[in-house]
Amino acid sequence: MLAGPTAVGKGAVAAEIRAHHNDVWISVSVTTRPPRRGEVEGVHYWFVDDETFDKLVADGEMLEWAVVHQRARYGTRRRPVEAALRLQKLALLEIDLQGARQVRQTMPDAFFVFLKPPSWEELTRRLVGRRTETDEEQARRLETAVHELAAESEFDAVIVNHEVSAAAEQLVTLMRNDSQATRIARPIS
Ligand code: 5GP
């Protein structure tokens, strides 16, 4: 389970793992936010409308979900995660703090990793630099980031994202060590 504030590079770390570690299964989240340029349905997200998201929640299909940055809903479908765990794959969920807290409740044996920026200044620089959000949206995301950064101690491990490929390697190493240890993540239904 990988969480961390906006623009820290969670997506880039996940992409690096997708490219170099095909033994790691990466959950594709469902979201009500519209796709950004270059995002591919089923690879980066499943893009759905509000009605479809409501139905997934009502049908108990979501392992966790949250309204992120006071804007759109994002969530993890339960069944693909359960299937990956049954196959004993290393499963990676890249979600926000609210979602991580829900998964803590339902899958207490999961391993929680917090990805952290080298500094607040660097986080701001990355968010502004990627130019995918309006000024208003950036301000909202930084507001969320203040709360998320304060939650670091809730996690089992912290990785500082100085450089994407190094952070990805550290994450995969942590996942491998964890799976070889006593824990087998098992959802409670
Ligand atoms: P973005 O809009 O930049 O792709 O993602 C915004 C935030 O949503 C990120 O902090 C990301 O971790 C979070 N997020 C993405 N997928 C999920 C999910 O399935 N569940 C939850 N709770 N948060 C998610």
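Reader: Is Gln 70 buried or exposed?
Author: The model is predicted: local features need pLDDT of at least 70, side-chain atom pairs count only at pLDDT 80 or more, and totals for chains, interfaces and linings use all residues. Numbering starts from 1 along each chain as its sequence is written, and side-chain values use heavy atoms, without hydrogens or water. Buried means under 20% relative accessible area, exposed over 50%, and partly exposed in between (1.4 Å probe, protein chains only). Gln 70 has a relative accessible area of 53%, so it is exposed.

Reader: Where is Gln 70?
Author: Strands (E, at least two residues) are DSSP runs, numbered from the N terminus. Gln 70 has a positive phi, near 55°, without being a glycine. Its place is in the loop between S5 and S6.

Reader: Is His 69 buried or exposed?
Author: His 69 lies in the loop between S5 and S6. Its relative accessibility is 9%, so His 69 counts as buried.

Reader: What is the phi of His 69?
Author: His 69 sits in the turn of a hairpin formed by S5 and S6, with 3 residues between the strands. It is not a glycine, yet its phi is positive, at about 55°.

Reader: How many bridges pair S5 with S6?
Author: Two strands pair if DSSP finds at least two bridges between them. S6 covers residues 72–77, and its pairing with S5 is antiparallel. The bridges number 6.

Reader: Which residue in S6 is the bridge partner of Val 67?
Author: S5 covers residues 62–68 and is mostly covered, with 5 of its 7 residues buried. Across in S6, the bridge partner of Val 67 is Arg 73.

Methods
Helices (H or I, at least four residues) and strands (E, at least two) are DSSP runs, numbered from the N terminus.
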